[in-house]
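This report covers the ligand surroundings, the sheet and the model confidence, in that order.

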Amino acid sequence: MSDVSGRRVAVIGTGYVGLTTGACLASLGHHVVCADADSQKVQRLRRAEVDILEPGLPDLVRDTAAGGHLEFTQDTAAAVADAEVVFLCLPTPMGAGGAADLAAVETVAGEIRTVLPGGSVVVNKSTVPVGTARRVAELLGRPDVTVVSNPEFLREGRAVHDFLHPDRIVIGAEKEADREAAQRVADLYGTLDAPVVLTDAASAELTKYAANFFLAMKLSFANNLATLCEHFGADIGDVTDGIGHDPRIGPAFLRPGPGWGGSCLPKDTHALLTICRQAGVDFPLLRATIETNVEHQHRLVERVAAEHGSADGSLRGVTLALLGLTFKAGTSDLRDSPALAIARLLKERGAELLGHDPALRGTTRPDLSDLLTLVDDPLDAAAGADACVVLTEWPQLRDLDWEAVAGRLATPTVHDFRNLLDPVRLERAGLRWHGVGRTPALAPRG
Ligand SMILES: NC(=O)c1ccc[n+]([C@@H]2O[C@H](COP(=O)([O-])OP(=O)(O)OC[C@H]3O[C@@H](n4cnc5c(N)ncnc54)[C@H](O)[C@@H]3O)[C@@H](O)[C@H]2O)c1
């Protein structure tokens, strides 16, 4: 890649993807103006206050802003007025019937259509259905502006690292004539050492959905395999270790857990299902991936009910300490967290829930108050509870004082839905440990 720095870039939407994109492109020497409709967020960002948990991001925002490379505004039109490249990093949540809701993308296209400089490039960085690059081009109605697709693959909790060390950069242009604009976008990434896949817009758009579908499929596979392991007394950790060494399979995303979730996998798999339906293409593997996830979560809850509930499966009168609520460790993001999906199923059966998460310490979450009582100290969650349920793989939870937990629980039982804990250590602490897909021989007996 050639080192083309010093471009004028606008980034619309300053969430996980937008703020990371803006700060990282600024760190590569571009002049970036970030716009967001949330005026309070803009005020905080102007003070370099970052309200998401992303290692390195606050420093990068502060340093690039101080160096004059990064600015924030609430005025989208003003942000793009002088831009050579405009990144749309807007939310595309699950809409009616599972389709991606493109309202924010369409609103912004309407706001910028008359102010975009001639010759500029608009980049869809949001995860969007096939055909959205064309749709945005139609909404803009500007033949002198090119729209390309450049999906983002960063992981929350590693956003800055992933943006600056991407596995690949995928850029899709609608027409052959737009390839030069796509190359200009590729050049923005300057000296980053990554393969660039220059393709058509539909392929780029589909690549992102295919990637998230594949990851979800691996997790559903691992969770189903865990059930099979339980049946035969096999150990899921050993089985996935055994297959993960095969480079055709790989070790990642094969750990069983409380089901997959987060801000991307659920909405993206459902959006892809809608795309398939609209295209008249049946993709049974995709349906099975989603259904397996739901069934797996019900199975885990059934297991808790069988141990602690009454004969009819009710958990009325049972108190559970939920440890870990974010969708994975290393983030404060609760969007579509599998921990909360499990919590809702437990609550439906009548359980009283106390919840603790290291990333939510000292915060108040009115949005959780109907579901659970949030406590700062995991030992307070355990006090008097009938069992602990470990739902997020925070290292802090692995290193808890489990003797102290055992002393506080009414029944010394831990359901470890992440296989995070050392069963031998828990046994020594006097706790019964139940993992997912691990041989009963490894689980301590009370
Ligand atoms: N979060 C991830 O890990 C991740 C990874 C890859 C791709 N994506 C995709 O990137 C897109 C953005 O995701 P995110 O997690 O950064 O979302 P987010 O919700 O964290 O951020 C979106 C931002 O856009 C702003 N916004 C909404 N409507 C606006 C408007 N009309 N004008 C200006 N600003 C507006 C919001 O205030 C918010 O700050 C989604 O399509 C998502 O699927 C996300």
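In this predicted model, a nitrogen atom of the ligand has a backbone N or O atom of alanine 37 at 3.1 Å.

| Residue | Protein atom | Ligand atom | Distance |
|---|---|---|---|
| alanine 37 | backbone N or O | nitrogen | 3.1 Å |

Helices α1 (16–27) and α5 (103–112) are the elements that give two or more residues to the shell around the ligand. There are 26 residues around the ligand, and those that come nearest are Asp36, Lys41, Thr92, Glu156 and Lys267.

Elsewhere in the chain, an open sheet of 6 strands runs in the order β11-β10-β9-β12-β13-β14, with parallel pairing. Because β11 (373–374) and β14 (432–434) stand at the edges with a single partner strand each, one side of each has no neighbour in the sheet. Strands β12 (residues 387–390) and β13 (residues 413–416) are joined in the parallel sense by 3 bridges; valine 390 has aspartate 416 in β13 as its bridge partner. Helix α12 (residues 284–308) packs on this sheet and touches β9 (319–323), β12, β13 and β14. The directions of α12 and β13 make an angle of about 170°.

As for confidence, the protein chain has a mean pLDDT of 96, with 97% of its residues at 70 or more. Residues 442–446 stay under 50, and the model has 14 contacts beyond four places in sequence for them. Where pLDDT is low, predicted coordinates should not be read in detail.

Key:
Residues numbered from 1 in each chain as written. Predicted model: local features only at pLDDT ≥ 70, side-chain atom pairs only at ≥ 80, totals over all residues. Heavy atoms only, no water. pLDDT = per-residue confidence, 0-100. Contact = heavy atoms within 4.5 Å. Pairing = 2+ DSSP bridges. Helix = DSSP H or I, 4+ residues; strand = E, 2+ residues; numbered from the N terminus. Axes fitted to C-alpha atoms, helices over the stretch in contact; angles between N-to-C directions. Near = heavy atom within 4 Å. Polar contact = N/O pair within 3.5 Å; in protein donor to acceptor, adjacent residues only side chain to side chain.
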